[in-house]
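Here is a quick tour for anyone opening this structure for the first time. Have a look around, and then we'll go through some of its parts together.

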Amino acid sequence: MKRAMLEKDHWYKAGVWYALDVETFQDSDGDGVGDFQGLISRLDYLATLGVTCIWLLPFYPSPGLDNGYDVMDYYNVDKRLGSLGDFTAFVREAKERGMRVLIDLVVNHTSREHPWFQEARKDKNSKYYKYYIWRKEKPEDSHAEPMFGGEEDDIWSYDEEAKEYYLHRFYSHQPDLEITNPEVHKEIFNIMGFWLALGVAGFRVDAAHILVQDDNNESAEHFYKLLEDMRSYINTHSTDAILLAEATGPPEMIGNFFKEETRMHMAFNFLMNQHLFHAMAIQEAEPLKKGFGLLPDKPEACTWLNFLRHHDELTLVDLKQNEIEETFAAFAPEENMQIFGHGIRRRLAPMLGNNRQQLELCYSLMFSLPGTPLIQYGAEIGMGDDLSLPGRISVRTPMQWSSVQKNGGFSTAPADKLVRPVISGGPYGFEEVSVRDQQNDSFSLLNWIERLIRIRRQCHEIGRGRWEIIEVGHKSVLVHSCILHSTTVFFHNLSDTPCSFTVPSPLNEAEEVTEYLSDQSYSRPDANDKILELGPYGYRWFRIGHTK
């Protein structure tokens, strides 16, 4: 019984997650905007793919100035996307197919249009005035830079009605909430309780690293009280819901989000993600080994969410400047491909020149890392980006379902009514890249991803086991293992040149070895010839034994 409960509580350490934006996934009523009914119609596709948890980008009512992150009502659904009834139906239908739903909790700031802020700016005696951070004079001792460099000049803006300055570390239309105010805590708990009651499996806490910083970007222990209270609330009101931190920063800061299982259950693995792309850029394994070494210790019940790309820019903020430049040179050589001075606003397939070998290598790497893998919608078919669109919108184009249907099968609306243009023409247009065509092609990227997911879900040690780096003396090769009841050993060649080396322990000592996954057919090392080969961007997964 105890072990069964442990497995239930740690569901987030297994399976495969999928990130999507409702408004760009599937339109059901022909108005040009994706909606929950459209999403429901595609749940069988996600279940067949092997997805176990769906992470939804914000779907709340919003002025739409920051892709829905400028929330003006935490208790409802944007009417373009449907109703609360549609949302509840979606959660129910997802659960029936074995999929949980995670939603964004955006409580660092609200929209200027939120009723709280509107009341606060009108009446300093209102309780809502203390929901925000005001100053009669603009602070001169604040050294923090706006989160989106080049788009905002300062983190303080003057409100004409309140006759005071308010703090906003993101956009000026997103005033920061006063996170230390107990009344704000109560509001956050009310929001969490509302959506938990509708069946969600937890929350991605947006900009969690900002929640624990003051306006000088300095972290203080008392700011973490909110996270601990959130964890306590979720433990009290749900048997298995979780908190996922979206947080960047140095290892010691990221480690604070896991403290003694009193804060977050999961955190995005930004450290490993950045070092993975630097390793791919220079075709050497050392950056990945460095990334492994940087990961802070965490409690056994906590884990990482691993990803290659998602809806934001590929941030490189934690790399050194020369490492950022090397990564830019490989994957974003043109200025229009870069953003904020340390980010890349491209999808994975065009970053890699649509090189199938590199795409498979990247996914093999990501799926073998300790933690839980996340796929961005459309990445399973190799969707491209639209760099003519502003900012991070470039990677948020509509899902491409069909090569022959209007708008790629996303919507029947006229093209000029679409929430965002569908990519058309060229190697990444819906005419060339679509779900339907790839489902009918046994050798497509989609069918390979489905196979990868099936194999990954059989290897429970990857998400739950102890991992180790294994040295083989080849600078372009990363070898690591995950150990639980079985041991899986992973070999990845990050270069475009084939290589070979002596089979390392524990593989050369094992009596029972099964090769689970490889990029091509290789000769199997035997007792006489203990040499292991890898092709250009090659990968091989071996599983050793099984103990009961």
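Which residue in strand 21 is the bridge partner of T487? It's I544. Keep in mind as you look that this is a predicted model.

T487 belongs to strand 17, which covers residues 487-493. Strand 17 runs antiparallel to strand 21 (residues 539-544), and six bridges join the two.

Zoom out a bit and you'll find both in an open sheet of five strands, in the order 15-16-17-21-19, with antiparallel pairing. At the edges stand strand 15 (466-469) and strand 19 (513-518); each has a single partner strand, so one side of each is left without a neighbour in the sheet. From one strand to the next, the twist averages 20 degrees. There's a helix here too: helix 16 (residues 445-458) lies across strand 19 and strand 21, and runs at about 150 degrees to strand 19.

## The chain as a whole

Count up the elements and you get 17 helices and 21 strands. The chain's radius of gyration is 24 Å, close to the 24 Å that the globule rule gives for 548 residues, so the chain is as compact as a globular protein of that length. Along its principal axes, the C-alpha trace spans about 85 × 55 × 50 Å.

As for what's tucked away, 61% of the 548 residues count as buried. The accessible surface comes to about 21500 Å², and carbon and sulfur atoms hold 47% of that. Of the contacts with a separation of 6 or more, 68% are between residues 24 or more positions apart.

## Two helices side by side

Two packed helices are described by the angle between their axes and the distance between the axes. For helix 6 (residues 182-197) and helix 8 (residues 225-237), the angle is about 35 degrees and the axes are 11 Å apart. Their crossing is right-handed.

Want to see who meets whom? On the helix 6 side, the residues include H185, F189 and L196, while those of helix 8 include L226, Y233 and H237.

## Two residues with positive phi

Most residues other than glycine have a negative phi. K163 has a positive one, near 60 degrees. You'll find K163 in the loop between strand 5 (156-159) and strand 6 (164-167). Its relative accessible area is 51%, which makes K163 exposed.

N354 isn't a glycine either, yet its phi is positive at about 60 degrees. This residue sits in the loop between helix 13 (348-351) and helix 14 (356-368). With a relative accessibility of 36%, N354 counts as partly exposed.

Terms used:
Residues numbered from 1 in each chain as written. Predicted model: local features only at pLDDT ≥ 70, side-chain atom pairs only at ≥ 80, totals over all residues. Heavy atoms only, no water. Pairing = 2+ DSSP bridges. Helix = DSSP H or I, 4+ residues; strand = E, 2+ residues; numbered from the N terminus. Axes fitted to C-alpha atoms, helices over the stretch in contact; angles between N-to-C directions. Contact = heavy atoms within 4.5 Å. Rg over C-alpha atoms; globule rule 2.2 N^0.38 Å. Buried < 20%, exposed > 50% of the residue type's maximum accessible area, 1.4 Å probe, protein only. Areas by Shrake-Rupley, 256 points an atom, 1.4 Å probe, with all protein chains shown as cover. Left-handed = near helix turned anticlockwise from the far one by under 90°.
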